[in-house]
Amino acid sequence: MAKENGIRVFATIAAFRAQGIGGLVKKICFGVVVAMVVGGVGFGQVAAAPAAAAPPSTASAVSQGGAGKTMLLWPSGAPGALGDADEDKPTLTVFLPVAANATKTGVVVAPGGSYTHLSMEKEGFAVARWLNERGVAAFVLQYRLGPKYHHPVEIGDAQRAIRMVRANAAEYGVATDHIGMLGFSAGGHLTATAGTKFDWGKADASGLDANDLVERQGSRPDFLVLAYPVITFEEPELHRGSLKNLLGDMPDPSLVDELSAETQVTKDTPPTFVFTTTDDKTVPVMNSVMFYSALVKAGVPAEMHIFQHGAHGAGLAAANPQLSDWPDLLAKWMRERGYMAPAQ
């Protein structure tokens with residue numbers, strides 16, 4: 001059934017594109033009626049506003065109401081799964097904009113939560129809607145977590161998400177070289193890890209299902225966005241909770257170094273935007289400074305904004321006058337690099 005649902009998601013996306021925006025809205029309204037009849041919204045279905053309510057002019061009809069279309073990263077079961085519960089099934093929730101995606105950009109969004117929970121609304125779905133409103137496709141990643149799962153499961157989930165978007169770029173209306181990743185806090189660590197530990201595709205899919213074309217796609221993001229990220233696992237700047245949940249109570253010292261992202265930056269690390277605050281009491285500001293410094297040393301294009309005040313976990317900070325400017329700075333950076341269309 002999961003595999004059939006995965007196929008249905010891709011077919012539905014293709015149908016939406018073939019029918020245009022008007023057909024899209026009709027499809028969504030019809031999907032709402034069907035969902036009400038069967039008693040809920042499940043895998044591959046769309047949660048939208050009532051049919052009588054017109055979608056906002058700036059928000060994606062797909063993401064309206066806080067839900068996109070969710071698919072399993074591995075329809076036949078994730079490698080290394082320790083059970084069959086939802087927590088054992090990493091997913092990707094697709095949010096496609098109503099407005100034309102002029103730059104053909106897609107962003108995989110990794111919510112934070114110390115590698116033990118996920119801030120799916122504030123640092124996931126809300127961010128996807130923000131990107132949709134600016135004509136950018138978004139894909140919210142629900143990755144597996146500690147203490148049940150440890151490295152390399154989490155980075156495997158992130159790499160699979162990037163490959164999934166790249167493998168189905170045509171259906172999503174994105175370009176294979178315009179796929180970035182945006183992460184918050186521990187999700188920022190996962191994003192930085194994805195940007196420093198990647199491959200260019202498994203051409204022969206060796207050891208994998210020969211029909212799994214997703215694994216043949218490269219896992220390198222084309223750009224990174226890090227919001228108050230965890231970066232280092234070294235004293236004294238580490239975030240202990242993220243370290244423990246990702247690597248366990250007695251982590252291998254070699255893994256501690258390998259997963260301190262500032263030590264892994266090379267010239268091939270993607271261009272990066274970093275946002276943080278000086279008085280972050282949860283993840284020390286030096287995490288961001290260390291990564292930015294490594295980027296500059298490696299010759300990687302980088303931009304960093306450090307606000308003096310602001311608590312950790314602010315998300316888009318729309319109601320926070322201290323930090324509410326940071327999304328606009330990100331939008332400016334994305335426009336300058338061709339990842340977002342000019343403001344209308």
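This is a predicted model: local features need pLDDT of at least 70, side-chain atom pairs count only at pLDDT 80 or more; totals for chains, interfaces and linings use all residues.
Local features need pLDDT of at least 70 and side-chain atom pairs count only at pLDDT 80 or more, while totals for chains, interfaces and linings use all residues. Residues are numbered from 1 along each chain as its sequence is written, and side-chain values use heavy atoms, with hydrogens and water left out.

Eight strands form an open sheet with mixed pairing, in the order β1-β2-β4-β3-β5-β6-β7-β8. Helices (H or I, at least four residues) and strands (E, at least two) are DSSP runs, numbered from the N terminus; two strands pair if DSSP finds at least two bridges between them. The edges are held by β1 (69-72) and β8 (302-307), each with a single partner strand, so one side of each lacks a neighbour in the sheet. On average, neighbouring strands are turned by 20 degrees against each other, direction ignored. Strands β5 (residues 179-184) and β6 (residues 224-227) pair in the parallel sense over four bridges; M181 has L224 in β6 as its bridge partner. Helix α2 (residues 121-133) packs on the sheet and touches β2 (91-95), β3 (106-110), β4 (137-142) and β5, contact meaning heavy atoms within 4.5 Å. The direction of α2 makes about 170 degrees with that of β4; axes are lines fitted to C-alpha atoms, for helices over the stretch in contact, and angles run from 0 to 180 degrees between N-to-C directions.

Helices α3 (residues 153-167) and α5 (residues 186-196) pack at an angle of about 70 degrees, with their axes 10 Å apart. The two helices are therefore roughly perpendicular to each other, a class that covers angles of 65 to 115 degrees. In the contact, E154, I155, A158 and I162 of α3 meet L190, T193 and A194 of α5.

The structure holds 12 aromatic pairs, counted where ring centres of Phe, Tyr and Trp (its six-membered ring) lie within 6.5 Å. One of them, F95 with F125, is tilted, at 5.7 Å centre to centre and 40 degrees between the planes; planes under 30 degrees apart count as stacked, over 60 as edge-to-face and the rest as tilted. This pair links strand β2, which holds F95, to helix α2, which holds F125, 30 residues apart.

Notes:
Angles under 35 degrees count as roughly parallel, over 145 as roughly antiparallel, 65 to 115 as roughly perpendicular and the rest as oblique.
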